[in-house]
Amino acid sequence: MARERQLSRRTLLGGAAATAGAVTLTTTAGTASAAGRDVDVAVVGAGLAGLTAARDLVAAGRTVAVLEARDRVGGRVVNLPLGNGGVTEGGGEFIGPTQDRIKALADSLGVATFPTYNTGKNLLYKDGKKTAYATDGLLGAVPPVDVAGLANAAIVQASLNDMAKQIPVEAPWTAAKAAEWDRQTFETWLRANAVVPSAKFLLDVACTSIFSAEPRELSLLFVVSYIATAGNASNPGTLERLTETANGAQELRFVGGSQLVPARLAATLGDRLVLSAPVRSIARSGGRYVVTADGTTVTADRVVVAVPPPLAARIAYDPLLPAGRDQLTQRLPMASVGKAIAVYDTPFWRADGLNGQVVSDTGVVSSTFDNSPPDASYGALMGFIEADEMRALDSASEAAVRAAVLKDYVTYFGEKAASPSSFVLQRWNNEAYTRGGPVSIAAPGVLTQYGPALREPVGGIHWAGTETSTYWMGFMDGAVRSGERVAREVLAAL
Ligand SMILES: Cc1cc2nc3c(=O)[nH]c(=O)nc-3n(C[C@H](O)[C@H](O)[C@H](O)COP(=O)(O)OP(=O)(O)OC[C@H]3O[C@@H](n4cnc5c(N)ncnc54)[C@H](O)[C@@H]3O)c2cc1C
């Protein structure tokens with residue numbers, strides 16, 4: 001019998017309920033009645049992509065079961081409780097212009113936005129020197145390195161934007177220069193084009209901030225494709241829309257924390273959603289599919305797999321997937337990222353005229369944001385730990401990471417940063433059902449050889465997730481778009 005369960009605030013929302021009201025879910029997670037369900041569509045994964053797909057399929061009158069490995073929804077979007085009763089976001093957090101689908105979804109669920117704190121000066125920390133700089137001048141948010149570096153960086157940025165304009169977002173591997181761009185790493189290209197050291201520094205920081213990967217890990221084609229997706233059908237993607245706060249992808253945050261969006265969406269699905277049910281196998285049987293998860297088996301006409309590509313590769317498929325699809329998922333690893341949030345009684349840096357945003361050439365945290373709540377009732381500094389820096393700390397004790405992060409915060413914001421009232425760390429590389437983040441990345445040769453397998457259904461198995469989106473791939477918006485697209489695809493096929 002279905003078990004009515006009020007998920008604890010901590011489990012579902014990570015404490016967001018304190019500010020936004022508890023969400024009650026009816027779930028059959030772990031109960032015998034979950035076994036033997038027979039539905040039109042089984043959805044694997046209750047991140048934004050899977051939940052959006054399920055919503056649209058249910059709205060079209062289809063029967064659906066959503067199987068989620070974790071004991072919470074949201075996947076790469078999670079609210080974490082702070083010691084003071086507030087919440088902070090451990091994963092996806094910001095949205096910005098042209099991210100129309102996540103905004104529409106949040107609006108429909110009554111989740112409001114507020115501007116990311118962006119008043120006052122940014123900080124550049126480079127060569128052991130701190131420079132505070134305004135972002136409303138000619139340079140915008142570009143850190144004020146030497147003039148030669150700024151000029152070089154501007155040319156590189158314009159080139160990347162021009163290259164992005166040549167990418168068909170539905171099939172980057174068909175771009176006229178796809179082969180040329182996919183046989184070199186972003187590092188190789190930067191060395192030839194960002195020839196002034198300070199320009200290379202700016203592009204390196206942009207790269208790790210956007211991808212949580214080093215330039216040597218990425219195909220140039222993948223980088224320009226990613227830039228191309230940072231827009232919508234009427235606004236071509238640009239590098240600056242990825243990197244900037246005002247008018248960029250970091251412009252807005254969600255009141256109550258981003259996980260409210262998937263949590264409220266999940267609440268509309270009732271007992272169609274089964275938590276703590278990692279899917280282990282998908283087997284075709286008599287023209288239908290048997291989806292086997294821990295404690296649960298679902299039989300369905302169609303299956304939507306809405307998990308990151310490397311996680312999709314861990315499911316056993318019978319019959320085997322085509323080689324191209326499997327080899328694609330062998331070659332799209334997750335990047336490496338963590339977030340460290342230090343909480344203070346007040347956002348003390350604001351009194352010093354700082355907005356909490358840092359770009360640095362050193363430390364374990366080289367970019368930070370002011371993650372305080374809208375009423376600034378306390379202060380929160382959020383730092384990204386990215387790529388090589390994250391990998392070096394995957395196995396470190398939490399105390400060691402905390403010490404390294406606070407050392408950086410003191411360097412940037414002074415002694416007051418040394419003693420937070422609480423400290424929250426989220427290391428995505430260590431999360432069983434994500435194993436990195438924010439997104440899967442592609443090295444040279446992957447998109448041109450295997451790209452078409454990204455979205456191509458295999459029989460009745462359809463692929464979703466932010467990595468499959470033609471706009472805002474890697475972002476919450478891309479996840480929502482992919483869920484909407486896969487639902488249309490499945491409905492057309494049923
Ligand atoms: C540190 C970090 C910062 C980020 N910052 C931003 C940001 O500021 N703005 C932004 O827009 N985006 C950001 N992102 C990216 C954003 O969070 C993701 O693009 C988006 O949430 C992906 O949603 P999804 O549904 O495609 O995948 P996921 O959220 O990964 O959902 C997949 C779901 O599938 C589940 N799953 C995995 N394997 C199985 C299995 N075998 N069986 C059943 N379930 C399974 C997982 O538990 C998960 O719930 C960030 C991500 C990270 C990690």
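Which residue's backbone nitrogen lies 2.7 Å from a polar atom of the side chain of Glu-68? It's Ala-46, and that pair is a polar contact (N or O atoms within 3.5 Å; within protein, one must be able to donate a hydrogen and the other to accept it, and residues adjacent in sequence count only if both atoms are side-chain atoms).

Before going on, know that this is a predicted model, where local features need pLDDT of at least 70, side-chain atom pairs count only at pLDDT 80 or more, and totals for chains, interfaces and linings use all residues. Residues are numbered from 1 along each chain as its sequence is written, and side-chain values use heavy atoms, with hydrogens and water left out.

Back to Glu-68: look for it in the loop between β4 (64-67) and β5 (79-81), where strands are DSSP runs (E, at least two residues) numbered from the N terminus. Glu-68 is buried, meaning under 20% relative accessible area (1.4 Å probe, protein chains only). Still, Glu-68 has no salt bridge, which would take a side-chain nitrogen of Lys or Arg within 4 Å of a carboxyl oxygen of Asp or Glu. Its nearest side chain of opposite charge, Arg-70, is 4.8 Å away.

Now for the ligand. Glu-68 and Arg-70 are among the residues that come nearest to the ligand, out of 35 around it (a heavy atom within 4 Å). A polar side-chain atom of Arg-70 sits 2.8 Å from a ligand oxygen.

Notes: Helix = DSSP H or I, 4+ residues; strand = E, 2+ residues; numbered from the N terminus. Buried < 20%, exposed > 50% of the residue type's maximum accessible area, 1.4 Å probe, protein only. Lys, Arg positive; Asp, Glu negative; His and termini not counted.
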